Amino acid sequence: MLQLVRELIGVIPNCDPFLEIWPTGFRTYNLLVPNLLNLPFSMFGFGVDKAILGLAMYTSSRAASCAYCSAHTCSFALRRGASTESLVGHRTPHEEIVATVAEGMSQIPFSLTTSECIELAKYFSSSDIEWIILSAGMMGFLNKFMDAVGVELEAKSIAEVSSLLVPTGWMPGKHLRTDAVLSPVSMLPKTDNLSTYLRVIRQVPSAIQIENRWTADVPDRWPDVGEYLETRTGYGFPLLSKLSHRRAIRAIATVLRDNLDPSQSEIGLAAKCLAAFVYATVVANEAQIAMARLLAGSWAPELDESIFAAVAKFSAKPVGDDVTAIAQSIVDLSALSVLSEQDVATIVLARAASTSPAEINPAILSEVTPRLTSASIVELIVWLSVQQLMHRIGCFYAVADSN
């Protein structure tokens, strides 16, 4: 798995050690990336043009203000054959509509329009559109995790893309090591060649074997997958009915099952229901607000209307960096007797992490980290990242289906 990622972007990402702190998070990441990008098949010309996928990934990351993913997806796109012109904004009409749709899906608030969905359909088949949407959705997961955690950008990634991206306004920001250098000299990565393909093929059998073990009993089509998730999580996730690519359906379903498995959770499913509710409230996604409440009905029936009303009120406030105000919010939430100290810290950190970019600051961390373990923090950010993936895909289909 790690060697495959190295072939895709030239480095083993620094996010991996963070994700491994909560093993389910690392598995989530390794399921979503290949399956939502149709790898390795897209590298060999099956499905939508791989350079188009790279462009969608890159523009969605820029729209979400994730400097870490913007660097990686720039490298990914260049390796898959995207032109430097397309990445800096000089695009053909079909490239421009892909970039526009990916950006619209990824902005908060969501800005995609029906006319843009119609325009996209002029250039791409429904199958190819689905891969484009899945790639931008998958970046929702990565954008949220990398930005919220503030993962340090690898020196090689900076060296490869800084000369191209800095003139566009990109800066690594919090992802930059203090001793790193932004190179003024072009060191752009090379496009895939026969050697790349041979190295990828070499890793594929083992990767498929691992993945098949993870997804062994998970259906890959609707309505079977909805019934499966209803049984195991208490919610059928009808968004999956919009998808036709079976490997993507199976991967997302596996991720949802695992992230809602109480035996794998450090923070507990009541806290995860509330964190999903916080995220959905911040991004104003009514469908996901309803989902969070339905999940709570299955996993945490003690969370009554007064709890959700208080959490919604807290979620509507600016985050800020006033320690006194943050501490008071914790006191107010702690007055809700069904919430543990860990639940309250989860809600506070979820609120700070839900915006794009995240608003996590030292004042927030000083209040929540004594109440949460490292594994709990990683689990929470992974879960919010899954919410962002679902938000992007769901909002696209809500707009597209309104035609």
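Author: A crossing is right-handed if the near helix is turned clockwise from the far one by less than a right angle. Keep that in mind for this predicted model.

Reader: In which hand does α16 pass α18?

Author: The crossing of α16 over α18 is right-handed.

Reader: How is the packing of two helices described?

Author: Two packed helices are described by the angle between their axes and by the distance between those axes. Here, α16 (residues 305–315) and α18 (residues 341–354) pack at about 40°. Their axes lie 10 Å apart. That angle makes α16 oblique to α18.

Reader: Which residues make the contact?

Author: From α16, V311, F314 and S315. From α18, I347, V348 and R351. Four of these contact residues are nonpolar, one is polar and one is charged.

Reader: Is T73 buried or exposed?

Author: Buried means under 20% relative accessible area. T73 has 2%, so T73 is buried. T73 sits in helix α5 (residues 67–79). Its side chain reaches the backbone oxygen of C69 at 2.7 Å. Leaving aside neighbours within four places in sequence, T73 contacts G54, M57, Y58, S61 and M139.

Reader: Now the backbone. What is phi of F237, and what of A284?

Author: Phi of F237 is near 50°, a positive value in a residue other than glycine. For A284, also not a glycine, phi is near 60°. F237 lies in the loop between α12 and α13. A284 lies in the loop between α14 and α15.

Reader: Buried or exposed, each of them?

Author: F237 is buried, at 2% relative accessibility. A284 is exposed, at 59%.

Technical notes:
Residues are numbered from 1 along each chain as its sequence is written. This is a predicted model: local features need pLDDT of at least 70, side-chain atom pairs count only at pLDDT 80 or more; totals for chains, interfaces and linings use all residues. Side-chain values use heavy atoms; hydrogens and water are left out. Helices (H or I, at least four residues) and strands (E, at least two) are DSSP runs, numbered from the N terminus. Buried means under 20% relative accessible area, exposed over 50%, partly exposed in between (1.4 Å probe, protein chains only). A polar contact is a pair of N or O atoms within 3.5 Å; within protein, one must be able to donate a hydrogen and the other to accept it, and residues adjacent in sequence count only if both atoms are side-chain atoms. Contact means heavy atoms within 4.5 Å. Axes are lines fitted to C-alpha atoms, for helices over the stretch in contact, and angles run from 0 to 180 degrees between N-to-C directions. Angles under 35 degrees count as roughly parallel, over 145 as roughly antiparallel, 65 to 115 as roughly perpendicular and the rest as oblique. Ala, Val, Leu, Ile, Met, Phe, Trp, Tyr, Cys and Pro count as nonpolar, Asp, Glu, Lys and Arg as charged, and the others, Gly among them, as polar.
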